[in-house]
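Subject: Handover of a structure

Hello,

Here is the structure I said I would pass on. Please open it first; my notes follow below.

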Amino acid sequence: MTSHQQSYISVCPHCRQPITPSDERPSLEVVQADSAPAKPQRNGEPIISFRQVNKWFGKLHVLKDINEDIYPGEVVVIIGPSGSGKSTMLRCINRLETIQSGRLVVDGYEISNPKVNITPVRAEIGMVFQHFHLYPHKTVLENIMLAPMKVRKIPQTEAKSIALELLKKVGIPEKAEAYPAQLSGGQQQRVAIARGLAMRPKIMLFDEPTSALDPEMIKEVLDVMKALAREGMTMVVVTHEMGFAREVADRVLFMDGGSIIERGTPEHFFVNPVEERTKAFLRQIL
Amino acid sequence: MSIDVITRNIPYLYEGFKVTLQLAAISITLSFVFGTIFGMARLSKYRIISIPATIYIEIVRGTPLIMVIFWIFFLIPVLIGHPIQPFPSAVAAFTVFTSAYIAEIVRSGIKSIPVGQVEAALSSGLTYWQTMRYIVLPQALTKMIPPLVGQFISLFKDTSLAYIIGVMELTRRATIVNNREYKSFEIFTFVALVYFVVCFTMSKYARYLEKKRRVGEDHRTEEKYTPANA
Ligand SMILES: Nc1ncnc2c1ncn2[C@@H]1O[C@H](COP(=O)(O)OP(=O)(O)O)[C@@H](O)[C@H]1O
Ligand SMILES: [Mg+2]
């Protein structure tokens with residue numbers, strides 16, 4: 001286990017090339033608090049870079065001149081009123097939505113160029129949705145094993161041990177053989193996180209991961225996400241959970257009407273936000 | 001009423017029954033393959049693929065089967081310059097006809113899978129075809145079994161129309177026996193019974209198959225989540 005942890009620390013997330021799936025990837029183990037790596041410095045290249053990005057749905061201008069750099073190891077929380085374009089911005093990162101103008105570079109790939117194949121980029125990005133979207137005809141284990149086996153061509157036995165490891169990490173090893181419909185919402189969302197992590201991604205995207213959950217299940221999901229953040233995972237999280245933002249975000253972005261209105265550290269945000277719209281929004285939800 | 005006319009003609013009718021089975025089996029297999037292709041084609045985001053598929057499906061669905069049979073048996077020879085045998089033209093007609101209906105079944109089966117699952121699969125790095133193969137089609141197939149079998153049963157019964165162009169299948173042989181023996185009631189009752197038994201077996205088997213494929217779900221309903229066992 002120790003060697004795993006070391007491998008995690010020694011591998012700079014940026015040196016891992018997307019084309020060599022066999023090279024060393026971060027450990028799946030929960031890193032103990034005392035050996036947790038320091039947050040990577042904001043140096044080198046951003047792993048996600050928006051430049052003057054614009055997107056329309058028909059006539060609706062949903063992203064307006066988005067400029068944003070996200071660096072390896074950062075936890076960025078996006079907040080803002082409903083319909084402000086948070087999900088759309090997130091979904092552009094793995095091209096679930098295409099943009100109409102601007103430049104978007106993810107993990108060294110210029111994904112705003114339609115000629116660039118998105119599939120290898122997606123393999124490096126885990127995504128967790130509001131409504132989980134587990135595969136109902138597959139067991140929990142099969143849900144987690146599918147992409148590693150079919151995309152990374154990992155042998156079944158190895159994929160299974162990765163999956164079991166991850167289930168332990170998200171706290172539901174006993175549900176390995178269950179079907180999604182047998183699980184509570186909180187358990188399903190933890191499986192969805194494990195499914196995303198099974199590819200050992202460089203980036204994890206979360207789109208309101210706790211919004212569909214009953215209040216008593218929100219904590220179990222947030223705890224998994226916090227552990228992940230402490231391990232140094234690059235995370236972009238759309239959420240209304242201000243406690244989470246305050247505790248683990250490196251930066252918070254506030255969106256309204258398709259633009260990023262304000263950005264800053266959680267301290268800046270919750271102590272003295274500048275923009276009137278930010279203040280109004282925070283008053284409303286806090 | 002005499003059973004005798006049946007027993008005497010069983011070997012002769014049995015030959016026809018074999019032809020009926022062949023006609024149905026080959027047409028069902030081909031229709032399933034082409035129907036799946038056309039159903040997926042109709043869903044394609046490329047219009048050069050989806051528009052021809054849509055046109056084909058809509059034309060066939062607005063045409064009686066007997067017209068398709070005549071069209072292929074009488075018109076194709078004119079177009080290609082030489083006659084075609086009754087059996088292959090019947091197979092072609094049934095395939096052209098049934099594929100259009102199966103295409104619609106496949107299309108609605110695929111569309112019934114929530115788009116979120118497709119996005120989850122794609123975002124994990126699976127390709128479009130892998131997503132189809134491992135996520136969409138297996139679930140769609142389970143939902144498609146009842147309407148598919150309904151379509152297969154229709155096709156099995158409709159093979160009797162092949163008698164019009166001279167295929168020596170069960171119905172044609174029955175009419176030949178009838179012309180010889182004048183025992184319409186016995187003969188046609190018996191033949192109807194044969195069709196019924198095969199169709200009934202198919203629908204029973206379909207029910208069993210569907211149940212088997214849903215085994216995970218059944219298991220789930222038993223143990224559905226309640227706050228008490230969380
Ligand atoms: N697929 C779509 N087609 C058309 N309009 C869409 C689509 N998805 C989102 N929108 C619109 O784009 C705007 C931004 O949506 P979204 O990014 O989902 O906002 P948020 O996640 O901040 O609530 C909204 O006005 C929404 O109605
Ligand atoms: Mg949203």
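**What I found**

This is a predicted model. To start with the ligand: an oxygen atom of ligand 1 is 3.2 Å from a polar backbone atom of A:Ser84. At A:Gly83, a backbone N or O atom lies 2.7 Å from an oxygen atom of ligand 1. A:Ser87 uses its side chain instead, with a polar atom 2.7 Å from an oxygen atom of ligand 1. The protein buries 59% of the 560 Å² that ligand 1 exposes when taken alone.

The shell around ligand 1 includes A:Phe57, A:Leu60, A:Val62 and A:Pro81. A:Ser82, A:Gly85, A:Lys86 and A:Thr88 are also among the residues that surround ligand 1. By type, the shell holds 4 nonpolar, 6 polar and 1 charged residue. Strand S2 (60-70) and helix H2 (86-93) of chain A each give at least two residues to this shell, and H2(A) has the largest share, with 3 residues.

**The parallel strands**

Which strands run alongside S7(A)? Strand S6 (residues 125-128) of chain A pairs with S7(A) in the parallel sense over 4 bridges, and A:Ile125 stands opposite A:Ile203 there. Strand S8 (residues 234-238) of chain A also runs parallel to S7(A), joined to it by 5 bridges. Two of the facing pairs are A:Met204 with A:Met235 and A:Phe206 with A:Val237. Between S7(A) and S8(A) the chain passes through helix H7 (residues 215-230) of chain A, in a right-handed β-α-β crossover.

S8(A) has a further parallel partner: 4 bridges join it to strand S3 (residues 75-79) of chain A. In that pairing A:Ile78 stands opposite A:Val238.

Side chains in a regular strand alternate between the two faces of the sheet, so each face can be looked at in turn. In strand S7 (residues 203-207) of chain A, 5 of the 5 residues are buried. One side of S7(A) carries A:Ile203, A:Leu205 and A:Asp207, the other A:Met204 and A:Phe206, and all are buried. S8(A) is likewise mostly covered, with 5 of its 5 residues buried. On S8(A), A:Thr234, A:Val236 and A:Val238 are buried on one side, and A:Met235 and A:Val237 on the other.

**The antiparallel sheet**

Chain A also has an open sheet of 4 strands in the order S2-S1-S4-S5, with antiparallel pairing. S2 and strand S5 (109-110) of chain A are the edge strands, each pairing on one side only. A:Val105 has A:Glu110 as its bridge partner in S5(A).

Regards

Note on methods. Residues numbered from 1 in each chain as written. Chains lettered and ligands numbered in written order. Predicted model: local features only at pLDDT ≥ 70, side-chain atom pairs only at ≥ 80, totals over all residues. Heavy atoms only, no water. Near = heavy atom within 4 Å. Polar contact = N/O pair within 3.5 Å; in protein donor to acceptor, adjacent residues only side chain to side chain. Areas by Shrake-Rupley, 256 points an atom, 1.4 Å probe, with all protein chains shown as cover. Nonpolar A, V, L, I, M, F, W, Y, C, P; charged D, E, K, R; others polar. Buried < 20%, exposed > 50% of the residue type's maximum accessible area, 1.4 Å probe, protein only. Pairing = 2+ DSSP bridges. Right-handed = clockwise from strand over helix to strand, strands pointing away.
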